[in-house]
Amino acid sequence: MATKPLVLIVEDEEALVTLLQYNFEKENYRVSLARNGQEAILLIDEMLPDLIILDWMLPEISGLELCRQLRSRTKTRNVPIIMLTARGEETDRIRGLDTGADDYITKPFSMTELLSRVRAVLRRIRPALAEDIVVYGELEVDRATHRVKRSGRDIPLGPTEFRLLDHLLQHPGRVFSRGQLLDAIWGTDVYVDERTVDVHIGRLRKALNAKGEHDPIRTVRSAGYALDDQFPH
Ligand code: CA
């Protein structure tokens, strides 16, 4: 099973929050909720979302201001943002402003429309989250069947190795510490020694590079592992 994309909803209208949460969870997203900009920043520092639904009208920091702040931080610069705006008053301004949002939708909107915009943004910006088959250099990963190929050759992987590869593939170039990989693959409520990660990365490499090809996984000394974003050279 592929990792479910994490959507952060930043909205202060309770009724809308409930509706959004219900619909996103039904569509197999994980959801985190913030009622204002400060809460959003705290949640983002805890766990980086794959996409943010951001209301323009928020108490204290406005959605627009938060959007600018997120765009100016290295960590959140590339996280897709869809802004929610009120009909009429903001639409024209948003169009004319460089908000940094990837898309916006005017209230009241249909859930079907919002969900299709979300899929479109994810497909464009983070193809690994939206598609079943992900091609990355010589690698082809089918998330529906869990089959992996390298240059057309079948790569047999155990379930843990598959999930490790899938996780790295969702964020090419990003370095994950052993602790972060443990949380993402094994879960936060299981105690597993960090060396276990090294063992499974070792198995994954052995399978992927069986023909002595370039290693797509980079070891970053004292930091962790990353999928080489220069791959293939
Ligand atoms: Ca609002």
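**Salt bridges and a helix contact**

Guide: In this predicted model, the side chains of Lys107 and Asp55 form a salt bridge, with an N to O distance of 3.1 Å. The pair joins distant parts of the chain, since Lys107 belongs to strand 5 (residues 103-107) and Asp55 to strand 3 (residues 51-55), 52 residues apart. Lys107 counts as buried because its relative accessibility of 16% is under the 20% limit. Asp55 is buried as well, with a relative accessible area of 2%. Salt bridges with shared partners join Glu11, Glu13, Asp55 and Lys107 into one network. The structure as a whole holds 19 salt bridges.

Another salt bridge is formed by the side chains of Arg143 and Asp166, at 2.9 Å from N to O. Arg143 lies in the loop between strand 7 (139-142) and strand 8 (147-150), and Asp166 in helix 7, so the pair ties together parts 23 residues apart in sequence. Both Arg143 and Asp166 are buried.

Helix 7 (residues 159-169) also packs against helix 8 (residues 178-186), at an angle of about 115 degrees and with the axes 10 Å apart. The crossing is right-handed. Helix 7 contributes Thr160, Arg163, Leu164, His167 and Leu168 to the contact, and helix 8 contributes Leu181, Ala184, Ile185 and Trp186. By class, six of these residues are nonpolar, two polar and one charged.

A further salt bridge links the side chains of Asp215 and Arg205, at 2.6 Å from N to O. Asp215 is partly exposed at 24% relative accessibility, whereas Arg205 is buried at 19%.

Notes. Residues numbered from 1 in each chain as written. Predicted model: local features only at pLDDT ≥ 70, side-chain atom pairs only at ≥ 80, totals over all residues. Heavy atoms only, no water. Axes fitted to C-alpha atoms, helices over the stretch in contact; angles between N-to-C directions. Helix = DSSP H or I, 4+ residues; strand = E, 2+ residues; numbered from the N terminus. Left-handed = near helix turned anticlockwise from the far one by under 90°. Contact = heavy atoms within 4.5 Å. Nonpolar A, V, L, I, M, F, W, Y, C, P; charged D, E, K, R; others polar. Salt bridge = Lys/Arg side-chain N within 4 Å of Asp/Glu carboxyl O. Buried < 20%, exposed > 50% of the residue type's maximum accessible area, 1.4 Å probe, protein only.
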